[in-house]
Amino acid sequence: MEFNSFINRYPSQRMTVFAKKAMVATSQPLAAEAGLEIIKKGGNAIDAAIATAACLTVVEPTSNGIGGDAFAIVWHKNKLYGLNSSGPAPKSLTIEKLKNKGYKTMPTHGFIPVTVPGVPYAWRELSKRFGNLPLKEVLEPAIAYAIEGYPVSPIVSENWKKAFNKYKKNLKGEEYEEWFKTFTIEGEFPKPGVLWRSKDMGRTLTELGESECLSFYEGDIAEKIDKFSRKYNGYLGKEDLLEFKPEWVNPISVNYRGYDIWELPPNTHGLVVLMALNILNNFELEYGKVSSQHIIIEAMKLAYEDGLRYITDYNKMKVPVSRLLSKEYAYKRAKLIGEKAIRPIHDNPNLGGTVYLSTADNEGNMVSYIQSNFMDFGSGLVVPGTGINLHNRGCSFSLDNSLDNCLEPGKKTYHTIIPGFITKKDRPIGPFGVMGKYMQPQGHVQVVTNLIDFNHNPQEALDRPRWQWVGNKEILVEPNFSKDIVENLIDLGHEIKYSEDIGSFGRGQIILRKDKVLIGGTEPRADGNISSW
């Protein structure tokens, strides 16, 4: 018996998952099981989130890695906490230097777009503040998978193939050789079910556990990163790593139909989600009505235009978050929504490749966590001897000094990865998230409206066919999106195309708590799984 494909030919129904003691939801089954294993050993939801995140760097390296950034929203002992562990641009990197080298925009590969990675420090901060178990023990499942190997899952293999083909075509320099050495098997991407391992990554994770991740920023790993960067005239240096610290931040929110929807403040674009929901508060939505779908799309477009214009490093923003989230400004933007699709523009409020996971335990703790390489495997650079693929988050910077998100030394760029959380009357409802670059705010809004306006259960909220705005009046929809709704939206002026690129529509997870029962949904567009107890 030979299988030529591990991508299902027929729709496969997932059911909502219920549990009492614990739940871990993410895009790869082995990682979800690792998180649950840690809870059964005496860890809590925070330990489980770290264990799952660490495993994901090994079992889904196509979307995240040790050399990426991370964000988290944590519910712990009746209080909500936010962690921003995204790093800034190197202090030696300036617009002038890049323009002198002939760059007009930020490149996507190589050392130029590499900002300070925040993932290891996120694990350290979460563990030290909330964890029950030693970080060394929490990282053990990830270490085992890296050293012993694991069978690659179908969607991960498909994404690996896409990245491999792209990198083989475009990455020609000597500095990229380590990526091909690390992430290929005999010069090819691993196919579904093929065993892949990285002993280098296993040794790195072991060192991170023993040093509580400080080796990455001030020890042996930092030295290796610095040496690699200097060899190829990179800008990231050990002084940048040494000076980096994550930020504990206050999550921001809007009240939507009686529920508080929480996101992290800029430099993330969670603000876009909240602006869109604030606009939608001015309308009544009904399931199945084309007019409701039209309104949601239009609100998303308007919020996104403002976000792309104003969001950057929180300390560098020219427009206060409070002004962008004011009811008055939302009403002003809502008035622009009419019966026909518009070409959105940003207003002036002064006038008026990523992985996501959710965890929960029987102590009441819940975590919404996300980490990313940004694009595929990131910069295409792997630090020799470590298995660390460095992300390329800095390619989001603009080289136009007049724009809010222009490159500056030590500045954080506009960040696409966002964890979400829902509460009601100061009680936790639960974490949710949808990964996928610029799809993420759109995925968040669609999930929230599915849950609250259209009374979908968590699995339905993720299963429902999605749309994504790509600019002006252009909308992409999934192949199974209703043809009747598409035709009616076209009549309203939307320019709609069906897209076969299912991965571009995001991949989400949801865990909700009702009374003492946990209710979970996982993404049908990924190798997703919910491990429960």
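The second largest pocket of this predicted model has a volume of about 330 Å³. A pocket here is an open set of points on a 1 Å grid over the protein atoms alone, with protein on both sides within 12 Å along at least five of seven lines, and a cavity is a set of points where a 1.4 Å probe fits but cannot get out. Grid points are joined across faces, edges and corners, and a volume is the space filled by probe spheres set on the points. Residues are numbered from 1 along each chain as its sequence is written.

Lining residues have an atom within 4 Å of a point. The second largest pocket has 13 of them, and Tyr259, Ile429, Leu451, His456 and Leu512 lie nearest its centre. Two elements, α17 (440-452) and β19 (507-514), each give two or more residues to this lining; the largest share, 3 residues, comes from β19. Helices (H or I, at least four residues) and strands (E, at least two) are DSSP runs, numbered from the N terminus. The lining of this pocket comprises 8 nonpolar, 3 polar and 2 charged residues. In this classification Ala, Val, Leu, Ile, Met, Phe, Trp, Tyr, Cys and Pro count as nonpolar, Asp, Glu, Lys and Arg as charged, and the others, Gly among them, as polar.

The cavities come next. The largest cavity has a volume of about 60 Å³. Among the residues that line it are Glu286, Lys289, Phe454 and Arg464, and helix α14 (residues 290-310) gives the most to this lining, with 4 residues. The second largest cavity, with a volume of about 40 Å³, is lined by Met275, Ile279, Leu302, Ala303, Asp306, Leu324, Tyr329, Ala330 and Arg333. The elements giving two or more residues to that lining are α13 (270-280), α14 and α16 (327-334). By class, the lining of the second largest cavity has 7 nonpolar, no polar and 2 charged residues.

The strands may now be considered. In a regular strand the side chains alternate between the two faces of the sheet. In strand β8 (residues 252-256), Ile252, Val254 and Tyr256 form a covered face, whereas Ser253 and Asn255 form an uncovered one. Strand β8 pairs with strand β9 (residues 259-263) in the antiparallel sense over 5 bridges; two strands pair if DSSP finds at least two bridges between them. Isoleucine 252 has glutamate 263 in β9 as its bridge partner. The two strands form a hairpin with 2 residues between them, and arginine 257 in the turn has a positive phi of about 55°.

Strand β10 (residues 354-360) is largely enclosed by the rest of the structure, because 7 of its 7 residues are buried. Buried means under 20% relative accessible area, exposed over 50%, and partly exposed in between (1.4 Å probe, protein chains only). Thr354, Tyr356, Ser358 and Ala360 point one way from β10, and Val355, Leu357 and Thr359 point the other way. Strand β2 (residues 23-26) runs antiparallel to β10 and is joined to it by 4 bridges, with valine 24 opposite threonine 359. Strand β11 (residues 366-372) also pairs with β10 in the antiparallel sense, over 7 bridges. Together, β10 and β11 form a hairpin with 5 residues between them, and glycine 364 in the turn has a positive phi of about 100°.

Glycine 521 lies in strand β20 (residues 517-522) and is buried, with a relative accessible area of 0%. Not counting residues up to four places away in sequence, glycine 521 touches Ala25, Pro458, Gln459, Leu462, Gln509, Ile510 and Ile530, where contact means heavy atoms within 4.5 Å.

Finally, in soluble globular proteins, nonpolar side chains tend to be buried together. A nonpolar core is a set of buried Ala, Val, Leu, Ile, Met, Phe, Trp, Tyr and Cys residues joined through side-chain atoms within 4.5 Å. The largest one here has 72 residues, of which Val58, Trp123, Trp160, Leu205, Leu208, Phe216 and Tyr369 touch the most other members. Helix α2 (residues 45-59) supplies the largest share of this core, 11 residues. A second, separate core of 61 residues includes Val319, Ala334, Ile337 and Ile452.

Methods: This is a predicted model: local features need pLDDT of at least 70, side-chain atom pairs count only at pLDDT 80 or more; totals for chains, interfaces and linings use all residues. Side-chain values use heavy atoms; hydrogens and water are left out.
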